[in-house]
Amino acid sequence: MSARQIWIVDFGSQYTQLITRKSRELGYSSEIITVKKAREFFKEGKRPNALVLSGGPQSVFEDDTNYDFVFDNKELPILGVCYGMQLMGKYFGGVVEKGTIGEYGHAKIHLLNGFKMDGVPDEVNVWMSHSDHISKLPKDFDLVMESANGLVSAIEHKERPMMGLQFHPEVEHSEHGKDILNHFFKDVAKLEKDWDATEMLEEAKDLVRGIEKSKVLCAFSGGVDSLVAAQLSHEVIGDNLYCFFVDHGLLRPQDYNHIEILKEKTNLNIEVIDVKDEFMANLKGKSDPEDKRKAIGKTFIDVFEKKVKEYQDSHDINFEYLLQGTLYPDVIESISPHEEDGKSVTIKSHHNVGGLPERMNLKLLEPLRYLFKDEVRKMGEELGLEHGWVHRHPFPGPGIGIRVLGELTETRIAQVQQSDQILFEELHANNLYQSTWQALTVLLPVKTVGVKGDGRAYEEVICLRMVNSSDGMTATWTDMPHAFLSRVSSRITNEVKGITRVVYDITSKPPGTIEWE
């Protein structure tokens, strides 16, 4: 457990990660912990500078946990969000009622009794998601916000640094949500800002320091996460870091070009492993998405292990660590509602390259494990990496393998490569690359009638997919200019052999996923 100012106790809300993100964006370090871990820390005498009790799917009527260990700390600033506020209300003698009305979605709330927050108007639209609610205020609390239908929306303790919010200030749907959170952190908890790109970088380097003499292996993709992890690690351990880039034949032209640029412009030791033939042989005849993913994953491990062993033998070295660009959302990756005395997340390591550490008897090195994607990008710039490198769109490990729907053949892979390159070129030519979070093309297993030249054609379909997101957990489709879409469509149908039609995917996540497979 690192020394974070704010501990966010997770009760299973789908929005808990957003509280962490928003607090860090405001400049305050924070970390998510379980109820069980919080109890252990308090028992050991550890305390944060502020505690946030998150929302959750449970009802307080089903929760018989004793929260004395939290609420008996009279000097500790505590913020309860939704479920957290109901726990607070119940504990301090208020009345929580099972919902008959409930509030879900947008709601208008009003500030009451002279209550003010910097930057927040007296009337604001917020995001509600609850059924139970406080019907009678707990002892020594004031009502400071109320919803349009008369339900308690926020409470504040008369003497102690405690607040409760029935809504979710952490979601984008809540207007002035960051201002509301900042009111608690700055004006109630009296926190000093302690989180910026420099602090993030030093903390990440601390996770690498101490192994300067060890040989470290990196399964290098050239993506933002692996590049930043490799660059910061190289600044600590130098040439003891070895980067192996696996060319599985499922890459885009831009990926090959990017690797060549990195080999030329950085001090990283990058070795390209050409194993296209092995991948194609193992993927032959497979069309089911899960079968393809498994085949790609297994082949990656097999060829990587073989090549690394050959390298170790020929260079008389022995790797001790595997460097991975694991991020915080990977670490907080599974819900465990039955955890003893806990309600939510199980903190566990997420292996980006599954199976490699165990197979090769390597220790994991994950210097980015407490960071979000946007923080990694800031760190990359702090490291002096070029803006274009750290703001590249995400690209999945299986690559084009999950962008050709159905069986993979050299012809079908080439159709995605060529169409993706056209999309990539036009995004840059029209200064639209940074207008979308991720852009890709997908080959659909559908043939349609078209006209080429003076004759009819019966050829395949390319789908364009462009979405905006902060971390890929949710996404909205990007509304691109029609002239741009027309230009991309025209180029693809004219320049990519076998493609007669181009369509645009306007599905958000949920209900769809970003990738098609």
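1. Helix H1 (residues 16-25) supplies five residues, the largest share, to the lining of the second largest pocket. Helices (H or I, at least four residues) and strands (E, at least two) are DSSP runs, numbered from the N terminus. The model is predicted: local features need pLDDT of at least 70, side-chain atom pairs count only at pLDDT 80 or more, and totals for chains, interfaces and linings use all residues. Residues are numbered from 1 along each chain as its sequence is written, and side-chain values use heavy atoms, with hydrogens and water left out.

2. The volume of the second largest pocket is about 590 Å³. Of its 23 lining residues, Leu18, Glu172, His173, Ser470 and Thr474 are the closest to the centre. A pocket is here an open set of points on a 1 Å grid over the protein atoms alone, where a 1.4 Å probe fits, with protein on both sides within 12 Å along at least five of seven lines; lining residues have an atom within 4 Å of a point. Grid points are joined across faces, edges and corners, and the volume is the space filled by probe spheres set on the points.

3. By class, the lining of this pocket comprises seven nonpolar, nine polar and seven charged residues. Ala, Val, Leu, Ile, Met, Phe, Trp, Tyr, Cys and Pro count as nonpolar, Asp, Glu, Lys and Arg as charged, and the others, Gly among them, as polar.

4. Strand E13 (residues 241-247) is mostly covered, with seven of its seven residues buried. Buried means under 20% relative accessible area, exposed over 50%, and partly exposed in between (1.4 Å probe, protein chains only). In a regular strand the side chains alternate between the two faces of the sheet. Leu241, Cys243, Phe245 and Asp247 point one way from E13, and Tyr242, Phe244 and Val246 point the other way.

5. E13 pairs in the parallel sense with strand E12 (residues 216-219) over four bridges; two strands pair if DSSP finds at least two bridges between them. Between E12 and E13 the chain passes through helix H7 (residues 224-237), and this β-α-β crossover is right-handed. Right-handed here means that, with the strands pointing away from the viewer, the path from the first strand over the helix to the second runs clockwise.

6. E13 is also joined to strand E14 (residues 270-274), in parallel, by five bridges. E13, helix H8 (residues 253-265) and E14 form a right-handed β-α-β unit. Cys243 has Ile270 as its bridge partner in E14, while Cys218 has Cys243 as its bridge partner in E13.

7. A disulfide is a pair of cysteine sulfur atoms within 2.5 Å, and the structure holds zero disulfides. Cys218 is buried at a relative accessible area of 1%, and Cys243 is likewise buried at 1%.

8. Two cis peptide bonds deserve a check. One joins Lys509 and Pro510, with omega about -10 degrees; the other runs from Pro510 to Pro511, with omega near 10 degrees.

9. Positive phi values occur in residues other than glycine. Lys190 has phi near 60 degrees, lies in the loop between helix H5 (177-188) and helix H6 (197-206), and is exposed at 60% relative accessibility. Asp316 has phi of about 55 degrees, lies in the loop between helix H10 (289-315) and strand E15 (321-323), and is exposed at 71%.
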